[in-house]
Amino acid sequence: MNRPHTFAGNPLNRAEYERRDADWLAARERDAGSRFLPLRQLDVLLDGEDPARLAWISGDAAAGLDGPRFLLGLRDGAAHFAVDVSEDNEDLAEGDERRFVDVRTAGTLVSAEDAGIAAQARAQVDWHARHGFCSVCGQPTEALRGGQQRTCGSCGADHFPRTDPVIIVVVTDGDRCLLGQSHGRLSQMRMFSALAGFMDQGETIEEAVRREVLEEAGIRVGAVRYHSSQPWPFPSSLMIGCHADALTTEVRPDKVEMLSVQWFERATVRRALAGEDAELRVPASFAIAHHLIRAWAEGTA
């Protein structure tokens, strides 16, 4: 990869040691030099048009904002926070330049670094919104370490943000590759993509690839090769991109999950990547699936 995938360019130091100090955190939240990134209903505040950029607010300007704050990290000595302003009535998107944008769209508008920060901010704010109560005893939890964990004041259980690993794979058989169309978004867009699925407990990446392909397409897979990974903050996954060799070729798709699974010739895939094939559409470069497909089509997998 010559450049990171969308959402993979986060430049912040996560401040593992600093965030352990509650007094340091409190001081940084009051520091005029700290920077705050507002999110409203998980949409991120952007500034400008071409190029767009994250709309950071200074510590002074952010003092009156209502909503929880979570430390994202440090950059050039300044603490950077995400702040959930979903319940705040202040109009932060005044004028033509500032507006709240969903993070999926924002990732296509801002720099790789800003996209990586937006992904972290969305995933963190979303996790805290979903985990206000203890999964052990049901009592309220409190955010600690700048949002790195939540702790139950009743039973003392600690809870930590999770990232769900997802395998995504292009299976190949000589000069053709296997792509699928699931029920839902892909079918509405008439698009075929790499096969994907969540890893199960007690599974290696290779085992997850073989299981998912067998379940979704009825194809048995041999060798599995890692390509790259992509953070995917919807809500919080890590896409683990692979290529794999088919051992069998008869497609027997899971009709419940998949609308269609087909073999496509390399020439057809190349036309689709160029936007020149009337029958096949593939994901845009925003998604890791695009790069997995392109790597195979160009012979660099």
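Predicted model: local features only at pLDDT ≥ 70, side-chain atom pairs only at ≥ 80, totals over all residues.

Biologist: Why is A118 called buried?

Modeller: The relative accessible area of A118 is 2%. Buried means under 20%, so A118 is buried.

Biologist: Where is A118 found, and which residues does A118 touch beyond four places away in sequence?

Modeller: A118 is found in helix 4, residues 112-130. Beyond those sequence neighbours, A118 touches L54 and V103. For L39, 79 residues from A118 along the chain, the C-alpha separation from A118 is 9.3 Å.

Biologist: How do you know that D164 counts as buried?

Modeller: The relative accessibility of D164 is 19%. The cut-off is under 20%, so D164 counts as buried. D164 lies in strand 11, and with neighbours within four places left aside, D164 is in contact with F198, S236, S237 and L238.

Biologist: What makes helix 8 largely enclosed by the rest of the structure?

Modeller: Helix 8 spans residues 288-297, and nine of its ten residues are buried, so the helix is largely enclosed by the rest of the structure. Among the buried residues are H290, H291 and W296.

Biologist: What covers the buried residues of helix 8?

Modeller: The cover includes strand 11 (164-173), strand 12 (176-182), strand 14 (221-232), strand 15 (237-246), strand 16 (258-265) and helix 7 (266-273).

Biologist: Which residue with a positive phi follows helix 8?

Modeller: That is G299, with phi near 75°.

Notes:
Residues numbered from 1 in each chain as written. Heavy atoms only, no water. Helix = DSSP H or I, 4+ residues; strand = E, 2+ residues; numbered from the N terminus. Buried < 20%, exposed > 50% of the residue type's maximum accessible area, 1.4 Å probe, protein only. Contact = heavy atoms within 4.5 Å.
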